[in-house]
Amino acid sequence: QLQLVVSGGGLVQPGGSLRLSCAASGFNLDYYAIGWFRQVPGKEREGVSCISASGGSTNYADPVKGRFTISRDNAKKTVYLQMSSLKPEDTAIYYCAADYQSSGCTILAGMWVHYDYWGQGTQVTVSS
């Protein structure tokens, strides 16, 4: 069956780092752009970052620019989100999603309909 398995969430102190993984199961990740999203209870879900199928194009939301890095390893069928200099406001449930396309990627809310598969969420808590 086709699945995205998310892992790596947990509790981290402010200023710390955490790496999230989004692993594909049952399909070839090579042709999919991958997006990361997050949501806090009571707030709208927001796009965080995305990476194109080739890995040649990435996008980041303003609040995470310079602190988060997205990457992919197609041999491992996995996309990573390296989060550094974490702040309490980064606390949220993080999701990944796969979009079947050959070029580019987007985290604009109006384009989320194009993501074919969504993984389960993983909790990230930044607190001292």
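Are Phe37 and Tyr115 buried or exposed? Both residues are buried, where buried denotes a relative accessible area under 20%, exposed over 50%, and partly exposed in between (1.4 Å probe, protein chains only). The structure is a predicted model, in which local features need pLDDT of at least 70, side-chain atom pairs count only at pLDDT 80 or more, and totals for chains, interfaces and linings use all residues. Residues are numbered from 1 along each chain as its sequence is written, and side-chain values use heavy atoms, with hydrogens and water left out.

Nine aromatic pairs were found in a search of the whole structure. Rings of Phe, Tyr and Trp (its six-membered ring) pair if their centres lie within 6.5 Å; planes under 30 degrees apart count as stacked, over 60 as edge-to-face and the rest as tilted. The pair of Tyr32 and Tyr117 is tilted, because the ring centres are 5.9 Å apart and the planes stand at 50 degrees. Tyr32 belongs to strand S4 (residues 32-39) and Tyr117 to strand S10 (residues 117-118), so this pair ties together parts that are 85 residues apart in sequence. Strands (E, at least two residues) and helices (H or I, at least four) are DSSP runs, numbered from the N terminus. Tyr32 is buried, with a relative accessible area of 10%, whereas Tyr117 is partly exposed at 22%.

The rings of Phe37 and Tyr115 have their centres 5.4 Å apart and their planes at 90 degrees, so this pair is edge-to-face. Phe37 lies in strand S4 and Tyr115 in the loop between strand S9 (92-100) and S10, so that distant parts of the chain, 78 residues apart, are linked. Ring pairs also join Phe27, Tyr31, Tyr32, Tyr100 and Tyr117 into a cluster.

A disulfide is a covalent bond between the sulfur atoms of two cysteines; the criterion applied here is a pair of cysteine sulfur atoms within 2.5 Å. Two disulfides were found in the whole structure. One joins Cys22 to Cys96, with an S to S distance of 2.0 Å, and is right-handed, with 70 degrees about the S-S bond. Cys22 is in strand S3 (residues 18-25) and Cys96 in strand S9, so the bond ties together parts 74 residues apart in sequence. Cys22 and Cys96 are both buried.

In the disulfide of Cys50 and Cys105, the sulfur atoms are 2.1 Å apart. This link is right-handed, with 75 degrees about the S-S bond. Both Cys50 and Cys105 are buried. With bonded cysteines counted along the chain, the disulfides follow the pattern 1-3, 2-4.
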